[in-house]
Amino acid sequence: MTPRVRVPETGYNFAYLDEATKRMIRRALLKAVAIPGYQVPFAAREMPMPYGWGTGGVQVTAAILGRNDVLKVIDQGSDDTTNAVSIRAFFARTAGVAVTTRTRDATVIQTRHRIPEAPLAEGQVLVYQVPIPEPLRFLEPRETETRQLHALAEYGPMHVKLYEDIARHGHIATTYAYPVEVAGRYVMDPSPTPKFDNPKMDDCPALQLFGAGREKRIYAVPPYTRVRSLDFEDHPFRVQHFDRPCALCGAGDVYLDEVLTDDAGGRMFVCSDTDHCEARREAGHRGEGA
Amino acid sequence: MTALLALESVHKAFTLHLRGGLRLPVVEDANVSVHPGECVVLGGPSGAGKSSLLKIAFGNYRCDHGRVLVRDGDATVDIATASPRRIIALRRTVIASVTQFLRVIPRVGAREVVAAAGREAGLPAGEAATRAADLLARLNLPERLWDLPPATFSGGEQQRVNIARGLVGDHPLLLLDEPTASLDAGNRAVVIDLIRARQAAGAGVLGIFHDADVRDAVATRIVDVTRFHPRQAA
Amino acid sequence: MTTDDDAPLLRVEGLGKHYGRRLGCAGVSFDLHPGEVLAVVGESGSGKSTLLSLIAGEVPADAGRVRFRLRDGRLADLTELSEADRRALMRTDWGFVRQDATRGLRMGVSAGGNIGERLMGVGWRHYGEIRSSALDWLRKVEIGADRIDDHPGSFSGGMRQRLQIARNLVTGPRLLLMDEPTSGLDVSVQARLLDLIRGLVAELGLAVVIVTHDLAVARLLSHRVMVMRAGRVIETGLTDRVLDDPAEPYTQLLVASVLAA
């Protein structure tokens, strides 16, 4: 657990970015919230970390963070991977905010890949790091054309991707970045969240913000917004099912990661959300491998 | 009235721009009419403009001066000035043409070529198919050929498909350009019967028949086109 | 004939376009009725492809207008439709078969997906129905059902054009624009494609504007022909009349230049 640093590092602006940049990002965020699912361009800055490490999410977090916020950062559901630890440390040092691994204690949660298993609440903000914001890029590489398709809600091509999946695999094989329709209007890529988490986006009490640093786009899903995963009548949207519970905490309704336990091919399936798993174990739940 | 077809003071000349604008008059002041039940045969030596007159009547060649009146029910249409769309409509139900050459569509079988022409002329599909088979049988086209594309047929076989296609509908006006040219005596007799039957039903025929026996059998009147031949080539 | 039959489906009036000082085409007007096939012939650079782009609204015209009879009977000026309505019209009631199939197809999508796209675009959301419609159209354009999941990259030129036709016709459009659909294909492949187009056009009662430099194509498919040269229409009329009795010097030259049209 990272220690709380009450005094931010000197020589930097609060949360690293200068105030003008944060205001610019906030304007983009306001627009994004006003038009749910719509990709708002913003002037993304160079951040002191490589693209692919969450530069978009970090800028969004920097723009919304206040001194009293409590920050949680997860990567693949885990609070203790290099990426999560680094980003958490970054804000602890540059903003001096409190950090936590507890979902329910956090006011701002920056994530790559997962939505926490514990239900989110009003007042919380979930910030997603997005590598590729454009759901239509698969079919249409021209940005001018994809914008036109969004503007006119021409989403037939989006279903072509799902059609291709079924034609090739017999079912919709897309498991990550599964496209959703937001508030009955814009189609959005929740990339790269597993589709297991798509239902959590629907009617969620928390504010969901998405930042793509390399592509300089921000989009948002306001609280309690309808988020519908695209599908076919005869191939309805379904989340992944795991044929066993978490080996550590015994949870059966969560997203599992496969973990290698030794060099002899030993492995087990455990909660991808480490905080959720720990909380359950603290409450006395036990899995077969615990 | 009223003639099914009336060529009134028709003039036609070709201007050959590729040969310095050379002007070749073909017919001058041609007047020909065809009434129901008539078979008007165009006579005269080759080069006299017989085929050109048929083509003018069909709308295939333009008419420089004069009128080409065709009766369509209660209406009369001047082919010389009618819109392409009107002419196409006339060809669908009023004017049928049989030339010596079958313009074949690459992959369509003979029976279907004829039946399609029947449907085009407004026959129900079943009726068109029945008539197509009936005509091909009467014209002695071997049944094994019916579903083969006519492109592979001999000249005589193609010609019979062509005749069947021209006669399958109920067009009141038939334009026939040497329809029996490559047929044997037996098939010529069949064609004579078919033409006569249409005449009896009130159709009018304007035709060119090289064979004297066919001409004598069907002609109600012969018009010598040499009198429409331009006096002096310019 | 009733007045309804006389109502044109497409009305092009005084259409023109300059590219800078170079003339694309000028003063082009014609009506097209349901079931009519109009061939636009001329050599490269005659303006015939520009004309097609103008009609489709892909290139803005400098002059003139294009009107189309919507399904409610209204003759609508295409430039006055909203972009959304215009595009919706293009992907439902119009088809555009391009010379270069790679522009008319999605090369990264299977044959079935290419055909199904328009259906999904108009709201079809039943995979099984989309699939069976795609199979039906593959059969109509004579592509084996076993190729439904193959990408067009593995198709021959003739197959790609047939796939393009299926992709365009699946929503039952009333107007089909075709830009040199048979050029670049082997002669035997051309014949097959032409025959297929001819059959579908007749069966579906489509109105077609087909641009071609090949007079034999015009002869086989079209009712009317429009001869263009240097951006202008120089002769127009019944196809067999224009080809058998051409009036204009240039048309005579065109007709005389082919072996047998």
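Student: What makes the ground rules here, before we look at any residue?

Tutor: In this predicted model, local features need pLDDT of at least 70 and side-chain atom pairs count only at pLDDT 80 or more, while totals for chains, interfaces and linings use all residues. Residues are numbered from 1 along each chain as its sequence is written, chains are lettered from A and ligands numbered from 1 in the order in which they are written, and side-chain values use heavy atoms, with hydrogens and water left out.

Student: Which pair of chains has the most contacts?

Tutor: Chains B and C do, among the two pairs of chains that touch. Contact means heavy atoms within 4.5 Å. By that rule, 25 residues of chain B are in contact with 31 residues of chain C. Between chain A and chain C, 21 residues of chain A are in contact with 22 residues of chain C. Chain A and chain B do not touch, and their nearest C-alpha atoms are 33 Å apart.

Student: How do you know what area is buried between chain B and chain C?

Tutor: Buried area is the accessible area (1.4 Å probe) that two parts lose on being put together, summed over both. For chain B and chain C this comes to about 2300 Å², with carbon and sulfur atoms giving 51%. On the chain B side, B:Arg62, B:Arg85 and B:Arg107 supply 32% of the area that chain B buries against chain C, more than any other three residues.

Student: And what is the area buried between chain A and chain C?

Tutor: About 1900 Å², of which carbon and sulfur atoms give 57%. Here A:Glu154, A:Tyr163 and A:Asp234 supply 29% of the area that chain A buries against chain C, more than any other three residues.

Student: Why is the pair A:Glu154 and C:Arg87 called a salt bridge?

Tutor: A salt bridge is a side-chain nitrogen of Lys or Arg within 4 Å of a carboxyl oxygen of Asp or Glu. The N to O distance between the side chains of A:Glu154 and C:Arg87 is 2.8 Å, so the pair qualifies. The pair crosses between chains, from helix 3 (residues 83-92) of chain C to the loop between helix 4 and helix 5 of chain A. Helices (H or I, at least four residues) and strands (E, at least two) are DSSP runs, numbered from the N terminus.

Student: Are C:Arg87 and A:Glu154 buried or exposed?

Tutor: Both are buried. Buried means under 20% relative accessible area, exposed over 50%, and partly exposed in between (1.4 Å probe, protein chains only).

Student: What makes B:Arg62 and C:Asp245 a salt bridge?

Tutor: Their N to O distance is 3.8 Å, and the cut-off is 4 Å, so the pair counts. The count between chain B and chain C is four salt bridges.

Student: Why does B:Arg86 count as partly exposed?

Tutor: Its relative accessibility is 22%, so B:Arg86 falls in the partly exposed class. Its salt-bridge partner is B:Asp72, with the closest N and O atoms 3.0 Å apart. B:Arg86 lies in helix 2 of chain B and B:Asp72 in strand 4 (residues 65-72), so the pair ties together parts that are 14 residues apart in sequence. B:Asp72, at 23%, also counts as partly exposed.

Student: How do you know that C:Arg131 is buried?

Tutor: Its relative accessible area is 17%, so C:Arg131 is buried. C:Asp149, its salt-bridge partner at 2.8 Å, N to O, counts as partly exposed at 33%.

Student: Why is helix 2 of chain C called largely enclosed?

Tutor: Eight of the nine residues of this helix (residues 48-56) are buried, so the rest of the structure largely encloses it. Among them are C:Lys48, C:Leu51 and C:Ile55. After the helix comes C:Gly57, whose phi is positive, near 75°.
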